[in-house]
Amino acid sequence: MIQNKIYSIIGHKGYGKTKLTELLILLNKKPCIIADPRYQYEPKEYRRHFKNVGHFRKYILNSGNRKEFYRCKLQLVVNGLDEESFEELAALVYKMKKISFLVDEIDMFAPPTMTRKASFYQIIHYGRHNEIDIFTTSRRSANISRNLTSQTDVVFFSRVREPNDKKYIAQYIGKEYVQTAENLQKFHFLMIDEDFKPHILGVSSRVAHVL
Ligand SMILES: Nc1ncnc2c1ncn2[C@@H]1O[C@H](COP(=O)(O)OP(=O)(O)O)[C@@H](O)[C@H]1O
Ligand SMILES: [Mg+2]
């Protein structure tokens, strides 16, 4: 797995974006902070859930807890997020090192109007120095900041229908791939790696494989 990268997953609701993030962060083998605004990440033995950022802050500022987080490669799931508390979470994450930061349904938190004052902007542009990998999901490419899309290393599309998404794919790797993306089966993704090479990825509930 490539380290210190930004991964974006774009596609319709119900096409397996959240499930794919769960596989990707396990493959990435780093402790992970998960911003989970829609309560999508279920309890697992390697997860801790926080009902808001205040609870998360209290946990992570305790050095014993932090050690446990790194030693056990835990996934810390933060719920109860709005724009303001996401900023608070991103500011805490920006100070950390050697972690993955997963933001599910990022549309709300990194809209095209995001400014450089946002801590998430700082993580996108400078997080690599702290070995922070970023994983995001969103429903449409047009809903997310160009700062994120332009810095993304690996993109995964599920079946696309939106004209804007088709345009995005055409500009990104060429219009010959638009049809591939239109015809994807459910739980399959068009993955475009950092060399702009396209692959079709099939995802079962346990493994992802290149087809
Ligand atoms: N590869 C898969 N194989 C079988 N079921 C899947 C797969 N990926 C997701 N699912 C199931 O499909 C539903 C939608 O998946 P989810 O990851 O939540 O989609 P999204 O985040 O795109 O809305 C969930 O019930 C999930 O368990
Ligand atoms: Mg989802």
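Colleague: How do α4 and helix α5 pack, angle and axis distance?

Modeller: In this predicted model, α4 and α5 (residues 119-126) pack at about 35°, axes 8 Å apart. Axes are lines fitted to C-alpha atoms, for helices over the stretch in contact, and angles run from 0 to 180 degrees between N-to-C directions. Helices are DSSP runs (H or I, at least four residues), numbered from the N terminus.

Colleague: Which residues meet there?

Modeller: From α4, Glu87, Ala90, Ala91, Val93 and Tyr94; from α5, Ser119, Phe120, Gln122 and Ile123. Contact is C-beta atoms, placed from the backbone, within 7 Å. That contact has 6 nonpolar, 2 polar and 1 charged residues. Ala, Val, Leu, Ile, Met, Phe, Trp, Tyr, Cys and Pro count as nonpolar, Asp, Glu, Lys and Arg as charged, the others, Gly among them, as polar.

Colleague: And what angle do α2 and α4 make?

Modeller: About 15°, with the axes of α2 (residues 53-60) and α4 (residues 83-94) 10 Å apart. So α2 is roughly parallel to α4 (angles under 35 degrees count as that).

Colleague: Switching topic: how many residues surround ligand 1?

Modeller: 12, and the closest are Gly16, Lys17, Thr18, Lys19 and Phe187. Near means a C-beta atom, placed from the backbone, within 6 Å.

Colleague: Which helix gives the most to that shell?

Modeller: Helix α1 (residues 17-28), with 3 residues. By class, the shell has 3 nonpolar, 6 polar and 3 charged residues.

Colleague: What about numbering and confidence cut-offs?

Modeller: Residues count from 1 along each chain as its sequence is written, with chains lettered from A and ligands numbered from 1 in written order. Local features need pLDDT of at least 70 and side-chain atom pairs 80 or more, while totals for chains, interfaces and linings use all residues.

Terms used:
Helices (H or I, at least four residues) and strands (E, at least two) are DSSP runs, numbered from the N terminus. Angles under 35 degrees count as roughly parallel, over 145 as roughly antiparallel, 65 to 115 as roughly perpendicular and the rest as oblique. Two residues are in contact if their C-beta atoms, placed from the backbone, lie within 7 Å.
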